[in-house]
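Hi,

Here is the model I promised to pass on. Have a look at it first, and my notes on what turned up follow below.

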Amino acid sequence: MIDQLFGFLSFYIPEVISILLMTTLLVAESSVKDEHAPRTKIHVYTQVVLGIVLITLFQNLGEKPVQIFHNAVTIDPFSTLMKIIMVIGTMGAVFISHSSKDIYSNLKSEFSIMAVGVLIGGMLLASANNMLTFYLGIETLSILSYVMSSLKREDASSTEAGMKYALYGGLSAGIALFGISHLYGVFGSIQFNDIVGQVAGLQGTDLAITLVASVLFFVGVGYKISVFPFHMWTPDVYQGSPIPVTAFFGIVPKMAGLAALVRISFVFLSAGSALTVSWVGLILVIAAMTMTVGNVTAIGQSSVKRMLAFSSIGHVGLMILGVVVMNEAGVKAILFYGLVYMFMTLIAFYITSHLSDMYGSDSYDVFRGLVYKHPVMAIIMAGVLFSLAGIPPFSGFVAKFNIFAVVIEQKHYGIAIVAAINSVIALYYYMKLAKTMIFGQASGEEKVVGFTSLNQAVIIALFIPVLFLGIFWESAMTMAGNAAIFIK
Amino acid sequence: MNGILNWILWLPVIGMVGVILTPKAKEHTIKMVTLVTTSITLLLSVLLYLKFDTTTADMQFVTKIPWISQFHINYFIGIDGITMLMAFLNALLFFICTLSSWTVTKNLKAYFALLLMLQSTVFGVFFALDFFLFYVYWEVMLLPMFFLIGIWGGENREYAAIKFFLYTFFGSIFMLVGIIALYYASGKGVDSFNILALQGGKFVNEQVVIFGKTFSFETIFFWFMFLGFAIKVPVFPFHTWLPHAHVQAPTAVSVILAGVLLKMGTYGFLRIAFPIFPQAAVNASTIIAVLGLISVIYGAFCAMAQDDVKKLVAYSSVSHMGFVMLGLAAMTTQGMNGAVLQMFNHGTSTAMMFLMIGVLYERSHHRWIVKPDGSKGYGGLATKLPKYTTIFIIGMFASLGLPGLSGFISEALIFLGIYQKFTTITVIAVVGLLIGAAYLLWMFKRMFFGEVNPEIEEYEDMNAREVFYMIPLCIAVIVFGIFPSPLLNVMKASVGQLVDLLSKY
């Protein structure tokens with residue numbers, strides 16, 4: 001028994017280290033005497049441990065899939081690659097939080113603690129192999145997220161964000177749980193393994209109940225990845241939260257939710273499933289609406305943070321198209337998109353965070369004439385914006401190309417046309433920001449935007465994959481492809 | 001041997017790196033690096049022309065290196081007769097534009113770096129034989145253009161830059177859908193991104209279902225490609241971005257835009273849309289001819305109405321590119337030869353016009369034939385600036401299609417070609433020539449003749465640098481007007497192959 005437990009734990013090392021990190025961070029914060037002191041040591045410690053987690057994850061990447069804890073958790077290359085994306089995203093967010101003025105010093109350790117907590121929830125969700133683990137993952141992820149979004153205690157909009165997030169989150173988790181209970185009623189099991197075998201043989205009432213229940217189940221994930229019509233909370237929460245938190249929300253919960261969506265889709269849509277047509281139809285409509293709503297609403301935003309929030313809705317709409325096709329190529333495309341999207345989001349939020357600290361606002365105006373104040377950062381930001389818009393030679397183009405490719409391969413031309421038109425809309429608002437940065441003349445007093453050399457080095461390091469994966473994407477695609485094979 | 005093409009493609013990139021590495025204060029060095037790069041590129045393209053085998057329609061100077069083997073994407077470049085001419089035009093115009101940009105002062109380093117980047121991407125579009133590579137170059141080309149118009153442009157430059165970018169992107173994203181659809185329709189094999197292997201009407205019997213309706217694969221994706229290329233040409237009704245982009249762009253960028261970028265659209269028809277979807281192209285030829293005709297007439301009338309001389313030339317480009325579309329729609333040997341020749345000749349004559357307007361703008365800082373307040377912008381330039389007037393006349397008459405200058409031959413060939421297919425359209429299109437002569441001569445009269453406007457008293461005539469960079473273009477329009485066979489010989493085999501293919505449908 002004990003041997004078996006330790007045997008399981010050897011596959012669970014990344015999670016175990018993360019839990020240890022979270023608990024030691026709690027102790028570490030209580031030992032800090034001056035509450036206004038910068039938390040450099042704590043941040044260095046967090047980064048180093050997360051770096052170790054990353055290494056252990058990379059070691060797991062080559063392993064065969066295993067199911068541990070009585071099949072409650074599955075460790076396969078797919079979940080591991082998703083976890084890698086989440087861990088890098090967390091490291092980035094913690095790094096942004098170090099220099100950010102949006103979070104008070106005495107809350108910076110708390111940010112790290114909660115970020116690691118959300119990460120643990122996200123890792124659990126990505127590996128969930130039964131409905132209970134799934135629910136546990138989503139709740140661990142959510143409860144800490146509610147607190148994170150209201151980290152700016154004195155700020156009314158931050159408190160509002162926390163409240164909104166909690167209300168929406170509680171409701172959708174409840175709906176998901178309702179769906180889960182019906183699924184248990186139909187299948188007599190909460191294990192995905194057991195459900196997979198039974199889905200194909202569903203008939204009559206059972207089929208109808210499963211269809212409704214799976215949609216309810218989907219609500220729980222849909223709200224986490226903020227697809228239409230569960231996206232309403234996103235802009236307010238993104239805007240109210242401190243910028244490092246927003247950057248974090250743009251990556252970790254989204255990737256965890258996407259991983260869960262991929263997994264449950266493959267469960268319900270296993271070979272010969274009668275649910276396929278309705279489920280694929282549902283996701284197609286949701287994807288089309290999500291993209292369109294996200295992109296169209298992003299046009300009118302005056303705050304860069306809000307614009308990025310809405311644009312992230314647009315990106316998710318594109319990413320979930322990888323689920324529609326129900327094959328390895330689709331999962332591969334999602335993984336590649338997720339990887340690239342993580343780097344782009346981190347850079348965009350990092351630069352926005354820095355400028356909004358400088359000027360006390362995150363409107364387009366603070367970007368005006370950035371190219372004259374700090375050419376390198378302006379060029380990188382422009383590169384990221386073009387990458388987000390899907391212009392070669394940046395990796396955002398390759399990510400988009402892959403999604404288009406899998407969709408067209410399955411002859412979903414209609415949605416491809418919708419996605420194409422959405423790309424044009426997205427290009428417009430990204431260009432509006434690029435235009436402000438590069439064509440605009442800086443107004444008022446010329447402040448030199450002081451990016452420290454460490455900040456610059458990190459941003460450039462994050463930008464290298466954005467550029468590199470746009471030209472030499474073969475190896476990254478192979479990695480994503482290997483991860484996608486084991487999804488079934 | 002095959003290395004020449006790679007050198008031509010990558011030399012501007014090397015030059016760009018050189019410009020970036022040069023310290024900002026050394027302005028003269030930056031200019032010299034650019035000039036040396038573009039002149040070596042020009043010399044190499046002359047060498048390419050000399051080594052070019054005119055007897056075959058096959059691709060020459062081919063390089064093929066695997067790039068993304070999962071998708072069978074290759075770094076696959078090569079040229080045939082059509083792209084040989086375009087490559088030479090591109091090398092020549094960038095060399096001239098470097099000289100004409102000598103007076104640029106604002107952010108000089110970035111300007112020349114972007115100019116060199118633009119040159120490399122334009123070469124890339126013409127050389128690429130892999131569809132994915134083609135698309136990448138087609139899109140990357142937008143970035144330097146966006147910045148060149150947006151930073152160094154006129155007053156309304158931001159609007160023009162965004163409109164240009166969005167319009168082109170709108171067309172090309174549909175092209176991307178078409179490219180991917182072709183990849184899967186051809187069985188995602190080793191040659192599924194190979195433009196040459198896709199040619200020859202392989203998709204005639206395929207069908208697609210879009211939004212529940214069944215269409216012919218050929219027709220749908222021909223029109224998708226058509227959208228991408230027609231916006232670039234630009235064909236009426238997709239031309240509205242062009243006047244804005246031209247008016248706002250700095251002189252050199254206007255020259256490149258009219259001289260080579262518009263040709264990328266018609267080149268797309270020649271290399272991609274027509275040979276890959278021959279049946280759909282033949283079916284669409286009447287529509288293409290009508291749209292071409294509307295471009296000719298409408299562009300000419302719009303040009304006549306302009307008070308801004310640069311806008312006038314911009315609309316004249318719409319009109320002249322309409323002739324190219326007419327030649328393409330004819331799908332006969334003369335028509336196609338005329339179209340390709342017109343692509344080259346319009347490149348030289350329009351470049352002359354835009355350069356001359358640029359020269360004048362540097363003196364007057366406005367471009368009004370008639371100012372908004374109703375007074376004359378110029379007047380009597382002929383008496384004050386003799387050298388300028390001489391060169392302007394050559395450019396204007398070449399663009400007007402005077403026999404003996406280059407524009408005449410290509411337009412005559414186009415009319416010969418199209419008359420066999422569309423008689424009525426030919427007759428109406430000839431009227432377009434007449435309107436063309438009218439607006440150019442009327443513009444000339446108002447600017448160069450009449451009383452000397454006091455404002456122009458102080459203008460200096462063209463200096464040695466300005467005359468120097470105009471000479472190659474003057475020679476080109478005169479020599480190729482009398483003796484077009486060096487151009488026709490080069491393209492003959494390639495155009496013949498395309499016409500043969502289309503004649504089977």
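This is a predicted model: local features need pLDDT of at least 70, side-chain atom pairs count only at pLDDT 80 or more; totals for chains, interfaces and linings use all residues.

Helix α13 of chain B covers residues 309-330 and helix α17 of chain B covers residues 406-419. Their axes are 8 Å apart, and the packing angle is about 35°. On the α13(B) side, the contact uses Phe323(B), Leu326(B), Gly327(B), Ala329(B) and Ala330(B). Facing them from α17(B) are Glu411(B), Ile414(B), Gly417(B) and Ile418(B). Sorted by class, that contact comes to 6 nonpolar, 2 polar and 1 charged residues.

Now over to chain A, starting with the overall picture. There are 21 helices and 2 strands in chain A. Its radius of gyration is 22 Å, close to the 23 Å that the globule rule gives for 488 residues, so chain A is as compact as a globular protein of that length. Taking contacts in chain A between residues at least 6 apart in sequence, 80% join residues at least 24 apart.

There's a helix pair to look at here too. Helix α3 (residues 40-61) and helix α4 (residues 77-99) of chain A have axes that come within 9 Å and cross at roughly 165°. An angle over 145 degrees counts as roughly antiparallel, and α3(A) and α4(A) are therefore roughly antiparallel to each other. The crossing of α3(A) past α4(A) is left-handed. Among the residues that meet are Leu50(A), Val53(A), Leu54(A) and Leu57(A) from α3(A), with Ile84(A), Val87(A), Ile88(A) and Met91(A) among those from α4(A). By class, this contact has 13 nonpolar, 7 polar and 1 charged residues.

Next, where the chains touch. In total, 25 residues of chain A are in contact with 29 residues of chain B. On the chain A side, α18 (395-409), α19 (413-438) and α21 (474-485) each supply at least two residues. The largest share comes from α19(A), with 12 residues. The chain A side divides into 19 nonpolar, 2 polar and 4 charged residues.

Most residues other than glycine have a negative phi, and most peptide bonds are trans. Here are the exceptions I noted:

- The peptide bond from Pro392(A) to Pro393(A) is cis, with omega near 5°. Pro393(A) sits in the loop between α17 (375-389) and α18 of chain A.
- Val233(B) and Pro234(B) are also joined by a cis peptide bond, with omega about -10°. You'll find Pro234(B) in the loop between α9 (217-232) and α10 (241-248) of chain B.
- Phe61(B) isn't a glycine, yet has a positive phi of about 55°. Phe61(B) belongs to strand β1 (residues 60-68) of chain B and is buried, with 21 other C-beta atoms within 10 Å.
- Lys188(B), again not a glycine, has a positive phi of about 35°. Lys188(B) is in the loop between α7 (157-185) and α8 (195-198) of chain B, and counts as partly exposed with 15 C-beta neighbours inside 10 Å.

Cheers

Definitions and conventions:
Residues are numbered from 1 along each chain as its sequence is written. Chains are lettered from A and ligands numbered from 1 in the order in which they are written. Helices (H or I, at least four residues) and strands (E, at least two) are DSSP runs, numbered from the N terminus. The radius of gyration is taken over C-alpha atoms; the globule rule is 2.2 Å times the number of residues to the power 0.38. Two residues are in contact if their C-beta atoms, placed from the backbone, lie within 7 Å. Axes are lines fitted to C-alpha atoms, for helices over the stretch in contact, and angles run from 0 to 180 degrees between N-to-C directions. Angles under 35 degrees count as roughly parallel, over 145 as roughly antiparallel, 65 to 115 as roughly perpendicular and the rest as oblique. A crossing is left-handed if the near helix is turned anticlockwise from the far one by less than a right angle, and right-handed if clockwise. Ala, Val, Leu, Ile, Met, Phe, Trp, Tyr, Cys and Pro count as nonpolar, Asp, Glu, Lys and Arg as charged, and the others, Gly among them, as polar. A residue is buried if 20 or more other C-beta atoms lie within 10 Å of its own, exposed if 12 or fewer, and partly exposed in between; C-beta atoms are placed from the backbone.
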